[in-house]
Every structure is written in C-alpha cells, then in structure tokens.
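Please look over the sequence and the 3D structure shown here. The briefing below goes through selected parts by topic.

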Amino acid sequence: MLDTAASSELKHVGQVTRRIDTVEKVTGQATYVSDMTVPGMLYARVKTSPHARAKIVSIDTSAAEAITGVRAIVTGKDLGFKLGLYVEDKDILARTEVRHFGEAVAAVAADTLEIAQRAVEAIVVEYEELEPVLHPKDAVKDGAPLVHPDLGSYSYMEAAFTPVPGTNIANHTKLRKGDVETGFEEAEWILEREYTNPSVQHVPMETHVAIVQWGQGDNVHIWSSAQSPYTLRNLFAITFKLPHRNVRVEVPYVGGGFGGKAGIGIEPLVAVLSRAAKGRPVKFTATREEEFSLLPCRSQLTYNIKTGVSKDGHIVAQQMTMWWDAGAYADYAVNVTRASGYSAAGPYEIPNATVDAYTVYTNKPFGTAYRGFGHVEFFWGLERHMDLVAEAIGMDPLEFRLKNTLKPGAKTLTGEVITEHTGNIDACLKKAAEMVGYGTVTEEERARAAASGKEIGKAVVGLHKAPAMPPFTATTVIVKMNEDGTVTANLTLIDYGQGTYTAVAQMIAERLRMPMEKVKVAFESDTDRDPYDWQTVASKGLLLSGNAAILAADDLLEKAYGDAAQVLRANTRDLDHDGDGIFVRHHPESRVEFRQLAIGYAFPNGNSIGGPLVGVGRYIAQGLTHLNKETGEGLPAIDWTYGAHGMIVAVHPRTGEYDVLKVASVFDAGRVINPDAFRGQAIGGMVQGLGTATVEGYIYDRKGHLLNPSFTDNKIPTAKDIPMEVETFGVETPQVDGPYGARGIAEHSMISVAAALGNAIQHATGAEVTHMPLRSEDVWRALNRKEAVNNWITKSPYGSCRSAPEILKNDCD
C-alpha cells in the first residue's frame, strides 16, 4: 500500500521523528496499572506449590479466614473453568494436582498487601508428591507420566493443531516437501547434530498486574498490563460464559511485555477473587519471583537437524525434528511450534525436507509467546548448523549461505513462491559481512585482542520470520478530526515500547499533510470505546495497523472532500488539501479550513452540512490459509522479514573468557518509517538476544524445583554488557501490501544473535558449543573437551569424518 511512493516526496515517513510518548514516560506522567488504585480496592496474594508434580490431598484455609482484614479466599475446587487461546488446558487454580513448581493453589484478597501475604502463609496444603517428567524427550517415551491424562477432552483450534490424546504431545506440526530419502541418497555429505537451549523469562520492567471489579449484573471491569485487550476480553467472556458486552478491558501504558502478556493471564484469578469479595475491586501484582515460576516463560527447545549436501555445496535434503518443552500448559506453545515448523529451514531453499515439531507437556512452568516466537530458539541451532556444515565440507560459511538462500522463484517449506518484493536476504548477509570486515582482521582489532591475550573471531548469520497469526487476523483504526483541525487516532494495538504509535502518527500525518504536532494517537485503550485489534504480537502491528491508519486517513479525507465540494461549489476531483484545509486546485485562494469542516460546516445564513469528520480504516490479513496437517502446504505468511547479524568477538584461547567487540545488524524493513525507531529496535533486540546467548536460562534440580527464580542467579544484561560498537542498517525492498512498503522488525533483531556469538567464538578458538547460554565456562569446557561433541558426519567422500577434508583428511576412516 503506497509502496511505490518516492522517498523524496515524503515529509514524515522515513524521517527521524521523536517518539510521541517520550515526555510522558521520562517525566513520570504516564500511568501504568501498577500505579493505579480504585475506590474500595483489595490486594491479592497467591499460595504456590513447592512441588513440580503432586496430588492435592487437602487445603485448610481456616486460619487464614480468621485473620482480620481478609475478604475472600478461593481454591481450585471452587473453580470449574478452563483457560486457553488455542488449547483450553489450564485451570485458574490447580484443582486436584499441581503440574509445576510455583503453580498457584489458593488465593487471598485482603484490605492490605501485608494482610493478604500473612493469610497466604496461614493456608495449609497437604500434598502427595509424585514423580515429575522434566524433559520433552523423556515425556514422549512409552510409560512416561501423563501431565494431562484428560488431553483428549480438551477444546482446541482444530483447523491448526493436532493434540495426541494418551500422550504428552499437545501438538504435532508436520511439513513434507519433495522426497527427503532420495535427497539423502543423492547427497555427497550427510551431517547431523542436536542443539539445545533452556527456558528463559521475559522480564518486563512492569510485572504482570491487573485490577478487576466483578460488578452488578455480571458486568466485569478489567484494568490490565495486557498486550491484547480484545483477545483478553474474548477469552474471558468465553471462560465465564458472559456476553462480550459485559466485559470491559482497559489497558493504559504497559511497561513491557515481549509476548508474556499476550492472550489471557492473571485476570480470571483476580476476577473470581472480586466476585468472592462481593464485587469489591481486587489488584494483583506479581512479584519478580512469581514472574519466573507462577507465570509463563519462553519454551525450552531440543532441535535435531540432519542435512544432506551436494558436492558443489547445495543443500539437497534436510530432516528437522523439534521437541518443544511446553511446560505444564500448552495453550500458546502449540502456536510457537506451528510457527517454528513452517520457518524451520530459515531463509534457505531446500528441495527435499521434513519437519516434525512436537509440543510436549512437562512438569515445568509453562511456555508462551516470547519475542521472536520460537525463532530465537531454533535459529540458534540452525545457524550454528550452517557454520558447522560449511566447515565440514570445506566451504566458507558466508559463501555456503549465499549459495543456498531463497531467491525469487524459490519455494519455501510450505510451497510459497518467493518474489522480488519478498525481501533480499543476500543483500542483508553481504551488508552485515561488510560492516564487520568479515574475512579479515584489522591491525587495530588484532592489537586490541592481543593486549588481553585473546583471539579475534568473526561471523555472519542470517534470519527470517513471518508474523505468526491466524489467517483472519484483523485490525481497525479510527481517525477523528477535532474542532481546531487537529486529529486524534484510536486503536487497540498496544504500544508497550516498540514505538508503533509514533509510526502510525507519521503515516496519518503523511496522508493528511499535517505536521506531526497536529496528530495524536491515544495511548489508553478501552474495549468499550476503541476499535478492534486481534493482538499486539508477531511484528504484525506496523503492517496491519499502518494500513488501517492509511485507510482511516483516506476515509476522513474522502468525507472532508465531499463536504468541501459543496462549500466550494467544485468537483471533488478538482480539490486538493494541505495541513490546514481543502482548496480548489486551479483557484487555490478558494478554500475551506479543516477546523470549519471538523464538526459540520455552517453557512452564513445558518444552514449546515456534513457533520463530525471521522475516518474508519479496517484491514485484514489477505491470502493466508491454514496449513495442510499432513504436508504443511499452505500460505501462513503475510510477509517475511529477512535480516543478518555480523559479529566480532575476542576470546581467550585458554580460559574461554570473551568480549563482544562489535555487532552489525541489518534488516530488510521494506521501508524504514522512522530511522531512530529502527535503530532502537535493532539494538534493543540485539542486546536482549545477547542476554539469552550469554547468561539467561532456567535451572532445575532433579525434582523440578526452579533453582534460580530471581535476578540474583538468573542474570540479564546490563549497560556493562553492551558491545563496544554497534551498527545498524536498513535494506529497503518494498513490501507491496505493506504501509508505504514497510515490514515489521521488532522481533527479528533478537533472532540469530546467539548463533552469531557461537560461530564467532568457534572461528576464534575452535570451541564447539551446541547449548546456550554460552558462558565463559562453557567455552572453557569446549576448549578442553578431548572427544568430539558427537560423531555427526554420517556420510562423506572420505568415510566418517568430523572435519573439513583438506584439514584432517588423513584422520578420516
């Protein structure tokens, strides 16, 4: 949409623009649910399980009930509801069995937070501890304990997902392309390896928080730090069998989400407490420890990749198997599995391929959406694998990638045909290589490393991702003209830090030819007053809401032109406009101001025409289909965003200590709407990716207890961990159906960062690491490992060998 607009003619789109929420946030004027209180409000706390798996024998709340100031106590036996967006498998509170460490079994609402906490501590729960299942590969074995024996009775989205009753498999996504067995037979090389990464926490600055009041007539008012007001309303109404009109969701400013606040979360629990407290509003704010254990995380992944390569370095076959650790509940994890399945091969053309992606229940905190939606996890394995395969066959890793990239005319795993406007992965890879000086080491780099006894390593990795969303995903934007000729836009896409509202304002200003100062995008979203949006996830906001904003601005202009034509006695085709009003093109002095038309034009004699100017823009994803459950064929992607990272590291060859000297991030954004926002997203996501690459990860004992549920032992990066040098660059291959040709990049900046680090470390020292995070001690262990990681080359021109033939040909069988 408007993808062919010349950059030279654009006044706002493509220009550096200060974010419209800057002043409110830095001055503390922005209001978050964490800041809010409402009259008569109670405070909630929860009792959580100390076990990963146990039967609930009894819950004694009598001592808690006797505490003055306690207004309501609820337990699972009182609540016969199931929650879920894609699979309805979760109770509001555990009822007969706890399924993960930290799961809530009882909740209290009281006059103060301190009283609520004292009451929770007074509740006595008797458990019968059971043996947990803690790894997805163990959970799929015959005889493994079933986390959900009733899986076959759960409701789920049948068009997209395939649970396997009687097992721990919540979903099995399959893709089949070509003839993989024939491909392996024809391959010169066959290489196979397994890659793993742990669960990690989203760690938004503002933890999960909600206030809920269950009012008279079953009218429920929810204030929440949620990413998706309408999806929250929809799931809440379905859960409690309420008319949607009875449920109002308000979302003010949100202090970060990264996927963890998508769908539905703590709101039903807070609601039942309010109902039990006779309609008094109740507020629950999760502690940081509860974020780690009570609330969802990013799923753990074990990824096995078997690749067949021809003599000239083309990938001719690939077999990919993913075991996704859903944790105790799989509601969102099933869609992560689906999205990772159809993206599993990355931005590379593979003529013969199979993908089997399993969503597996275990007795651990449950997985959900996380920035990158599965791609951070599997690209760790895929891009490490690309480097290791290139090394094994004796080819430069960048050359190997470029030889195998998706180009116009190529087909993805699902059969989608790549076109000229899909994007340019080659340009991204080459630019990232240029920005880090790939293939060379400068004297300055060498001297910097030598001063600390370290070696320089460089790597370039690729990535891609499409928005993971249902084919009916839709959004609406409303643009209203105010009495003074300024405009206000309303939408329920949530800007919780990504800067989309600023981009939307730029597009509206561009279409209306107004200065940015005349355009307001309202931050507080309210399902009673603001128009529909599916969810704020998947990097789809800029594309869908941007298009809807353009259409809304155009709709407003069409109505304004119609009114102006009557006032000016001219044909609408002879009219034009500037930021203040509408005029006759061949008589520009004949004009009417927007402020005169805003609420209806009044002639001197008192007659009036028109009425309030309101533009409505609605947009829905077009051309998408469900995937065939047996072959995976279909069209799941509204667009693909390609990207690449280049990285320079300095690694000590004996201790494994390393420094990240430079990261260069390149994305084909279609068109960069706001260069500052582009850079901010690129750097922010890259640093978040470095966090999961270097330090983050859940650690459990053998009984499933989470051992590091806080920042004390579960670190995230700080300013001290940012690379010494960071560069970004935007390739622009316009997306035909993108607003001004744009695509989203919000998630992509985090993808493949870990693989770039692993590859650069190996290039510097030879250390082979296949599990992240890559702590210095992990690199040290790899450097001191005497045996091979595994015997991973099963076919080569030289027999069974694990290194490039020109290096170790004599060591092959």
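Predicted model: local features only at pLDDT ≥ 70, side-chain atom pairs only at ≥ 80, totals over all residues.

Residues are numbered from 1 along each chain as its sequence is written, and side-chain values use heavy atoms, with hydrogens and water left out. Helices (H or I, at least four residues) and strands (E, at least two) are DSSP runs, numbered from the N terminus.

**Helix 14**

- Helix 14 covers residues 500–512, and its 13 residues should span 18 Å at 1.5 Å a residue. The expected span is 1.5 Å times one less than the number of residues. The end C-alpha atoms of helix 14 are 18 Å apart, which agrees.
- Because 12 of its 13 residues are buried, helix 14 is largely enclosed by the rest of the structure. Buried means under 20% relative accessible area, exposed means over 50%, and partly exposed is in between (1.4 Å probe, protein chains only).
- Among the buried residues of helix 14 are T500, Y501, M507 and L512.
- The buried residues pack against strands 19, 20, 21, 22 and 23 and against helix 15 (541–568). Contact here means heavy atoms within 4.5 Å.

- An open sheet is formed by 3 strands in the order 23-24-25, with antiparallel pairing. Two strands pair if DSSP finds at least two bridges between them.
- Strand 23 and strand 25 (587–593) stand at the edges with a single partner strand each, so one side of each has no neighbour in the sheet.
- From one strand to the next, the twist averages 35°. Axes are lines fitted to C-alpha atoms, for helices over the stretch in contact, and angles run from 0 to 180 degrees between N-to-C directions.
- Strand 23 and strand 24 (residues 581–584) run antiparallel and are joined by 3 bridges. The bridge partner of D576 is F583 in strand 24.
- Helix 15 packs on this sheet and touches strand 23, strand 24 and strand 25. The direction of helix 15 makes about 125° with that of strand 23.

**Strand pairs and hairpins**

- Strand 11 (residues 209–214) is mostly covered, with 5 of its 6 residues buried.
- Strand 11 pairs with strand 14 (residues 282–285) in the antiparallel sense over 4 bridges, and V209 stands opposite T285 in strand 14.
- Strand 11 also pairs with strand 12 (residues 220–224), again antiparallel, over 5 bridges. Here Q213 stands opposite H221 in strand 12.
- The hairpin of strand 11 and strand 12 has 5 residues between the strands, and G217 in this hairpin takes a positive phi near 70°.
- Strand 26 (residues 599–602) and strand 27 (residues 608–612) form an antiparallel pair over 3 bridges, in which I599 stands opposite P612 in strand 27.
- The hairpin of strand 26 and strand 27 has 5 residues between the strands, and G606 takes a positive phi near 100°.

**Aromatic rings**

- The structure holds 20 aromatic pairs. Rings of Phe, Tyr and Trp (its six-membered ring) pair if their centres lie within 6.5 Å; planes under 30 degrees apart count as stacked, over 60 as edge-to-face and the rest as tilted.
- The ring centres of Y342 and W640 are 6.4 Å apart and the planes are at 85°, so this pair is edge-to-face.
- Y342 lies in helix 9 (residues 333–343) and W640 in the loop between strand 28 and strand 29, so the pair ties together parts that are 298 residues apart in sequence.
- Y342 counts as buried at 3% relative accessibility, and W640 is buried with a relative accessible area of 3%.
- One aromatic cluster is formed by Y32, Y253, Y501 and F523.
- K137 lies over the face of W323, at 4.6 Å from the ring centre, and K431 lies over the face of F729, at 4.6 Å from the ring centre. A charge sits over a ring if NZ of Lys or CZ of Arg is within 6 Å of the ring centre and within 35 degrees of the ring normal.

**Two single residues**

- T337 is found in helix 9 and counts as buried at 0% relative accessibility. Leaving out residues up to four places away in sequence, T337 touches N171, T173, W324, A357, Y358 and T359.
- Y253 is placed in the loop between strand 13 (247–251) and helix 7 (267–276), and Y253 is buried, with a relative accessible area of 6%.
- Not counting residues up to four places away in sequence, Y253 touches several residues, including D21, Y32, E206 and F523.
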